[in-house]
Amino acid sequence: MSSTESPCARAKALKAKIERMRAGKPVRTLDIFAGCGGLSLGFHSAGFQVAAAVELDPTAAKSHARNFFPDDNGTHGRAHDITKIGRA
């Protein structure tokens, strides 16, 4: 959800997230400053879905990808500077 979205759009997005959880689907998380995945491991162990992670260090980013996205084609294992990621 973006801060530029209208209150109606934010409410609709929130309702969709609640319905997703009511349907038994896991809560999705984004791990920023992920390292090799300690926080992601905690979320995963608690039943959350780690949808993505952002890490600046290339070695840590590759390690995180191997730990949580083993079938990845290289997308998750790339290092990213969070200050340079644009809006979706």
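H64 is in contact (heavy atoms within 4.5 Å) with D31, A34, G35, C36, G37, S40, V50, A53 and F69, leaving aside its neighbours within four places in sequence. H64 lies in helix α3, where helices (H or I, at least four residues) and strands (E, at least two) are DSSP runs numbered from the N terminus. With a relative accessible area of 3%, H64 is buried; buried means under 20% relative accessible area, exposed over 50% and partly exposed in between, for a 1.4 Å probe and protein chains only.

This is a predicted model, in which local features need pLDDT of at least 70 and side-chain atom pairs count only at pLDDT 80 or more, while totals for chains, interfaces and linings use all residues. Residues are numbered from 1 along each chain as its sequence is written, and side-chain values use heavy atoms, with hydrogens and water left out.

**Helix α3**

- Helix α3 spans residues 58–68, and A60, A61, H64, A65 and F68 are its buried residues.
- These residues cover an arc of only 140° around the axis and therefore lie on the same side of α3; the arc is that of the directions from the helix axis to the C-beta atoms.
- T59 and R66 are exposed on the other side of α3.
- At the start of α3, the backbone nitrogen of T59 has a side-chain oxygen of D57 within 3.1 Å.
- S63 also belongs to α3 and is partly exposed, its relative accessible area being 24%.
- S63 and F48 are 15 residues apart along the chain, and their C-alpha atoms are separated by 20 Å.

**Aromatic pair**

- One aromatic pair is found in a search of the whole structure; rings of Phe, Tyr and Trp (its six-membered ring) pair if their centres lie within 6.5 Å, and planes under 30 degrees apart count as stacked, over 60 as edge-to-face and the rest as tilted.
- The pair is formed by F43 and F48, whose ring centres are 5.2 Å apart and whose planes stand at 55°, so the pair is tilted.
- F43 is partly exposed at a relative accessible area of 26%, and F48 is partly exposed at 28%.

**Salt bridges**

- Side chains of opposite charge can pair when their charged atoms come close.
- The whole structure contains two salt bridges, a salt bridge being a side-chain nitrogen of Lys or Arg within 4 Å of a carboxyl oxygen of Asp or Glu.
- R22 counts as exposed at 65% relative accessibility, whereas E19 counts as partly exposed at 45%.
- The side chains of K84 and D81 also meet in a salt bridge, at 3.4 Å from N to O.
- K84 is exposed, with a relative accessible area of 68%, whereas D81 counts as partly exposed at 26% relative accessibility.

**I18 in helix α1**

- I18 is placed in helix α1 and counts as partly exposed, at 31% relative accessibility.
- The C-alpha atoms of I18 and N73 are 31 Å apart in space, and these residues are 55 apart in sequence.

How values were computed:
Polar contact = N/O pair within 3.5 Å; in protein donor to acceptor, adjacent residues only side chain to side chain.
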